[in-house]
Structure formats: structure tokens, C-alpha cells
Amino acid sequence: MKVLILGNGGREHAIGKKFLKDFPTIDLYFYPGNGGTDEIGKNIKNTYTTLDLCLYAKKNAIDITIVGSETFLLDGIVDVFKNFGLKIMGPHYLAARLEGDRVFSKSFMKKYGVRTPKYEVFSSYQKALDFLEKKNYSVAIKTSGIAGGKGVILVKNKNEAKKALTSIMIDKKFGKSGNKVIIEEFLKGNESSIISIFNGKDIIPFLSAKDYKKIGEKETGSNTGGMGTIAPNPYMNDEVWIDFKKNILEPTLKGLFLEKLTFFGFIYFGLMITSNSVYLLEYNTRMGDPETQTLLPLMESNFFQIIQSVFLQKEISIYWKKLCSCCIVLSSKGYPEQYESGKIINGLNYLKEPFYIAGAKKEKEKWMTSHGRVLNIVGIGSTGDSARKIAYNKVKKVHFENLYFRKDIGL
């Protein structure tokens, strides 16, 4: 069995490791991959377009392709692969807009009664500024398009709001993603990530997780792609699960059918749990990073068999270990802005599983940093506190120059 995994981070390394554990004889291919994926499979070295990847998959008899990165989805890779009769896990282009176009996504939520914070959409900088002048703060200012998980800025006063709006719409910090902005009411509560698998008929949620997005401790500073995760999320009690399924999952499923947006793949619900309700902040149409790295070590079920069941539209049941996990992201100095690279990593040989390479490569038998997020260190324990302690004890074994990580993941 041959599987191609698209992406170059810790998520893709984690998916590959889980597949190998479940199906040791599997052949794994990665594009573009990283140093970790190169150790467990074959990284495709050339620079490939979407069509090139399709032809590569056809030529090499790839059985299933898993899309990790959103950029591939918004390039329409699923449509191309399906036209060639290839199995691929991910939404077609129109459905990928649920993640790639926040204006479209918000309109979908509103149309089908998916509970989400109140919002307004602006394509004019001045009109957005005028609207912000009347607010009593706090608000979230979001880019319409994808921005690598960083296109959300929470502001607490008019000065912060103007600065954020200027950086998005005038300075084009996030490029074309900032041509339109969404200004959304700020909700106080606890976030939750619910990755789910979609077989075109049913949405089956995974175990809950809690993601830590900010670069600084106590959720301060700039947004990142994620600095750590815990699972299960302690705020997802039975009452919240019932609320989520009734007011978010079920109307989402209804809308997907009515809009002809069904697909084989993943759908991620980014939630805010307030004191009285749960709200949907955003959809992703792939597995989250670093949530995947936290969840897959807890999955008792055979993940590859689950993927195969999706294409057959079989009923899916997922079983989880009665344990907790905590993932700590080790990053380079400067991340999420301009970051350092090329630093020697010491201590990887002393790490026990699970851990994942997010942005590192091997050069002359030495591991070197190559990206902003470098390593994902995971602790597994009988409680959230024990998982956290195990993870941070593992972190002590690794070092590279100017290594940075948050010390409050799981607190």
C-alpha cells in the first residue's frame, strides 16, 4: 500500500508515524516533507505543481493521498486528483473555501444557523475604521483569506484596532488575505479544537483538544501556528458536547449536503466555550497542527483502516486510550516573524517516543533547524498534569541555540 502525504510539518510526520505503527509494511511518500518524514518514507525532492503531483501519484501507483497543508486544497488539488481517478483525503475547491475564505465561511454559518459570534465584513479600510470608532472593545479582527493560522488579531482599544487594521489592509502584512476583514465580537471563554473525519455522509468527531496559539505565556503576543496542545480538553464536558453537536455539528452537516459541499476528508471545528454556550470561531478542512501530534498517540484504533473506511462510506467508530497528552512546540528565535535557522540540534537521540520533527533537517548526520517551529515534544500520562510533567522533562533533553518554548502549556 502506497500513501502520499502533502505538507512539511510535525502534523505530516505524526500522520506518517501513526500509519507505520498501524501498518508496518506501508510505503510512505511526502511532499515536500522534512527531515523527520525522510527518515520514515521518501521525500519527493523536485518542485512540483498540482498537476505534477497528480502525474507523480498516477505513475507511482499511489493508493491514497492525505492533504495536510491548506495551500494545496485552495489550489484545487482534490479536484485534479479526482479527475484522474485518484483517492485523496480533502475537500474539493468549493468546500475548501470553508477554511480559505472566512467571509464565505461566516455566510455559510449564518445561513444554516451554526452558532458563531456576531460579525461585520469590510472591504474598505475607512468604513472598517469608522465602525471600530463606535465599538466599546474588545474585538477580533480577522483576515478573510488564509494566513498560516496567524490572520487573527485580538484588540482591546482603539489604538490597537487601528494598528491592526492598518497592518492588514494598508501594509498588507498578510498579502491578499487582508483585502477584506471580518470584525467579530470578542467572546470570553476557553477555546477547543475538534478535529473530525467526514465520509461524505457523517461527521465523526475525534477526542477534543486545546490549542495554545499565542507566542507568549498567558496567551500574550502574536498569533502563531500553535505553540502547544493538550488532549482531552478539560473544558469539553458532556453538556458542552451536546451543545456543540446540536448547534454546530448538525447544522454544519445539513449545510454541507444542501450546498453540495460533501467530501472525503477532515473538518476541524475551532470552538469558543463561554459560560453559557459554545460558539464556532472557524472551520479548517484538514487536520490541525499541533493538535494532530497530541491526538494520534492517544488513538487506539487503526488510523489507516479508518481512512480506508472513509472511501467506502462505512460506519466509523474511533476508540481512544484512557490517557492524556501534552504537546510542547520548540521554536526558533524570532518566530512567528523572521526566525533563525541552521542551528545544530542536540539531544534528539535521547528522546523517547512520541516526538515529531516540525522544521528540521539532517546535514552530514547532524540535525539542524530549518523552520520557525522545530520540534513537537509529547508527553503521555494518566492525568493531564502527569502528561505535562513528562513532556517538559523530555524538553530538557533537547537543545539548540536560542531555543524557545512556552512554559505554561497545560496549566
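Residues are numbered from 1 along each chain as its sequence is written, and side-chain values use heavy atoms, with hydrogens and water left out. Because the model is predicted, local features need pLDDT of at least 70 and side-chain atom pairs count only at pLDDT 80 or more, whereas totals for chains, interfaces and linings use all residues.

**View 1. Lysine 343 and glutamate 401 form a salt bridge (a side-chain nitrogen of Lys or Arg within 4 Å of a carboxyl oxygen of Asp or Glu).** The closest N and O atoms of this pair are 3.5 Å apart. The pair links distant parts of the chain, 58 residues apart, with lysine 343 in the loop between β18 (324-331) and β19 (344-345) and glutamate 401 in the segment after α13 (384-395); helices (H or I, at least four residues) and strands (E, at least two) are DSSP runs, numbered from the N terminus. Glutamate 401 has 45% relative accessibility and therefore counts as partly exposed, that is, between buried (under 20% relative accessible area) and exposed (over 50%), with a 1.4 Å probe and protein chains only.

**View 2. Glutamate 363 forms a salt bridge with lysine 361.** Here the closest N and O atoms are 3.2 Å apart. Glutamate 363, at 37% relative accessibility, counts as partly exposed, and lysine 361, at 39%, is likewise partly exposed.

**View 3. Aspartate 385 pairs with lysine 389 in helix α13.** The closest N and O atoms of this salt bridge are 3.3 Å apart. Because the two residues are four residues apart in helix α13, about one helical turn separates aspartate 385 from lysine 389. Aspartate 385 is partly exposed, with a relative accessible area of 44%.
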